Amino acid sequence: MAVLAITLWLCSLALAGVSANITNIFALTNKELLTNNLVSDQYLTIYKLRSLAVEFFDHYSNATLEDLTPDLNEYFYGEPRIPSAQDLECLADLALLSNDLASSKYWALKMIDSWGLLPSGILVGNLWNLGNFDECIGIDHAVTTAHSIKGKYCFSKLALSSGSSMLAIKSAVCFPASCSATHMDTMLRRLFQTLLSVEISSDVQMVDEATCQTSEAKPYDGLTIFTIVILSILGALVGLSTIYDYFFCQDEKTINPVVKAFSARANSRAVFRLVDTKANPNVIDCLHGIRCLSFIWVVYCHDYLVFSHSPNMNMSYVLTWIDSFFSLFIKHGVYAVDTFFFLSGLLLVVIVLRSMDRTKGKLNIPMMYLHRYLRLTPLLAFGILIYMKIMPLLGHGPLQGSVNFDDYSTCEDTWYWTLLYVQNYATNRLCISHSWYLAVDMQLYIFAPFLLISLYKWGKKAAAGIFVLMMLLACCLFSIMVINNLSLGSNGEESMKKLYYATNTRASPYLIGILFGYFLHLNRGKNFKLNRICVILGWLVGLSLIATCLFAVYGQNSLPIVEEAFYVTLTRIAWPLGLCWVVFACMQGYGGLANSFLSSPLWQPMSRLSYSAYIFHMFIESLNGGLTRTNTYFTDYQVMLRFWSDLGFTMLFSYLMHILIEAPFASLEALLLPTKRPSPPKLPVFEAKIAEVKSKADESLVEELAEGATTSPTFEEKSATAPDKDSV
């Protein structure tokens with residue numbers, strides 16, 4: 001036992017265990033609250049647990065069934081409960097572990113050595129100790145040819161009776177895999193009660209089976225096998241089509257359309273094709289840059305959320321960081337989504353009204369809906385399968401599954417709401433949380449054709465009606481916040497569902513995009529001559545609107561509900577109005593360096609991959625976060641380092657998903673549901689030639705706008721009358 005005591009002392013006091021939910025850490029604003037809670041009697045109680053590892057294995061050196069399952073004394077139908085086979089196996093493995101610890105066997109020492117320690121720096125927010133994950137699950141001690149003891153890695157959880165939610169410590173424990181989380185939970189409860197007279201509430205589960213991992217891989221279920229098979233078939237089709245295209249097709253125009261749909265060579269050529277920004281003056285080139293920068297902003301903000309779930313050793317620093325100037329760019333990342341809505345409405349109007357001019361006002365609305373659904377849904381459906389079944393197979397780590405934004409197991413019950421694009425209203429358990437945008441955008445798209453028909457028939461009167469509708473919806477948002485006392489900072493389900501996910505509260509940027517698109521449609525081909533003063537005033541007003549949205553509430557942690565309602569309502573109008581000037585100035589030649597940057601052809605490949613990247617960026621972020629083996633340190637620079645790697649792998653993975661799923665299904669959809677274009681009237685040769693040139697110019701505009709110029713996260717805004725990609 002002396003050797004055991006020395007060994008355990010060198011292995012340094014393994015178990016500590018207090019766990020509380022830190023998911024909403026960004027909502028914390030009072031640093032003194034954490035410090036005052038920690039510098040208290042509770043901290044002194046926790047400090048006594050530094051020698052818990054020694055006490056634990058000394059106390060349970062001769063463990064019995066009663067130690068594992070104290071309810072054995074309970075009677076069922078007059079007879080005591082019979083120990084299960086797992087109870088007996090766990091007891092036998094613990095006895096062998098205790099004996100081999102006394103003999104300093106290497107495998108037994110690894111079992112103890114892999115435990116987490118009581119974190120140092122608790123007073124500055126270091127509330128995690130991950131132990132050694134790989135050392136624990138790597139244990140495989142052969143007892144007999146038929147039985148071996150394997151390590152089981154779990155997180156311990158303990159809530160003190162005083163109930164301080166701010167005191168949250170997580171520490172790793174390692175047990176024989178034959179023992180369940182219930183066994184561990186029971187033993188720890190009894191130990192705390194015996195040594196420290198700490199009564200653990202029965203409502204708190206100290207060790208949860210959901211946090212436990214072993215080296216044994218779970219067998220694949222039917223859906224996992226189905227997903228792997230389908231992806232393998234698609235991969236084989238892409239590979240064979242690419243080989244055929246490369247070796248047997250001399251001219252890309254003569255390639256079979258089905259082969260071309262699956263050819264990685266043909267699809268890559270389309271992705272990385274750089275179109276001359278001066279080829280067509282009607283094309284809005286700056287939208288590529290605006291879209292890509294907004295997507296980058298989304299990824300960057302989500303990386304901060306990943307870090308909030310990570311085992312940061314300086315979590316208290318977050319409380320001061322939240323009040324910093326730089327944090328405003330993260331807290332107001334919601335405006336990136338408003339940018340997407342604005343671009344979506346803008347491009348839809350520009351494309352569809354141009355098409356309606358050619359068809360004399362005809363619009364095939366059912367075909368519009370069908371085209372859009374078939375373009376968006378295949379990648380989203382595969383995204384659900386990959387998040388739910390493939391991601392758990394790709395990486396293992398102590399935090400696997402705990403740094404995700406979502407519980408992807410809920411997809412088994414709510415996947416169909418996602419594919420119907422009604423998940424923002426139909427359920428509180430979103431399958432893929434960021435898919436709420438697709439639902440809102442689809443619902444706005446369903447309503448949009450009626451606005452477009454009104455604009456075509458009644459012109460400015462319809463535009464005035466759309467403006468009134470936008471103001472009424474803004475008033476609706478204001479009323480919801482004030483009457484129900486709902487704040488976006490509350491992070492409650494009701495607040496998110498009514499203020500963040502609701503279509504009516506997110507419609508303002510979309511409607512402004514429609515109105516601005518109608519303005520561009522009326523003035524297409526027209527050059528506005530503005531003097532220097534007007535241009536300067538335009539930029540001052542536009543940038544002031546954007547800056548007000550970002551920085552108006554700097555230094556204010558909370559606002560009275562009426563003030564917050566005004567801020568939220570007005571900024572959802574001010575932000576797209578600021579973007580209107582940016583787009584207008586870039587189109588009319590008043591953009592300067594901004595236009596040169598936003599209109600660079602280098603944005604085009606990323607823009608075409610934006611939908612796939614939006615779907616799968618959280619896949620990469622969650623995967624990388626789950627692989628964390630040690631405590632992290634939170635700073636803006638550290639998040640930036642994580643961001644660049646996440647963005648890089650996101651684009652690589654989105655390119656793979658694009659050539660594997662998105663591009664083939666889009667091409668097949670275009671083959672199966674070809675878009676009909678009106679036949680031109682018979683004209684004299686000279687006039688026919690002029691009409692042909694104009695038609696090609698119009699089609700080029702539609703093509704450039706539709707091909708990746710539509711807003712990420714949505715895909716191509718191809719209307720029922722827009723030309724096919726391959727026909728231009």
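**Close-up 1. Contacts of Val349 in the predicted model.** Leaving aside residues up to four places away in sequence, Val349 touches Arg354, Leu452, Ile514, Gly517 and Tyr518, where contact means heavy atoms within 4.5 Å. Val349 lies in helix α16, residues 334–358 (helices are DSSP runs of H or I of at least four residues, numbered from the N terminus), and counts as buried because its relative accessibility is 0% (buried means under 20% relative accessible area, with a 1.4 Å probe and protein chains only). The C-alpha atoms of Val349 and Leu515 are separated by 8.4 Å, although the two residues are 166 residues apart along the chain. This is a predicted model, in which local features need pLDDT of at least 70 and side-chain atom pairs count only at pLDDT 80 or more, while totals for chains, interfaces and linings use all residues. Residues are numbered from 1 along each chain as its sequence is written, and side-chain values use heavy atoms, with hydrogens and water left out.

Close-up 2. Lys389 counts as buried, because its relative accessibility is 11%. The side chains of Lys389 and Asp221 are joined by a polar contact of 2.5 Å (a pair of N or O atoms within 3.5 Å, of which, within protein, one must be able to donate a hydrogen and the other to accept it, and residues adjacent in sequence count only if both atoms are side-chain atoms). Not counting residues up to four places away in sequence, Lys389 touches Asp221, Leu223, Thr224 and Glu412.

Conventions:
Buried means under 20% relative accessible area, exposed over 50%, partly exposed in between (1.4 Å probe, protein chains only). Helices (H or I, at least four residues) and strands (E, at least two) are DSSP runs, numbered from the N terminus.
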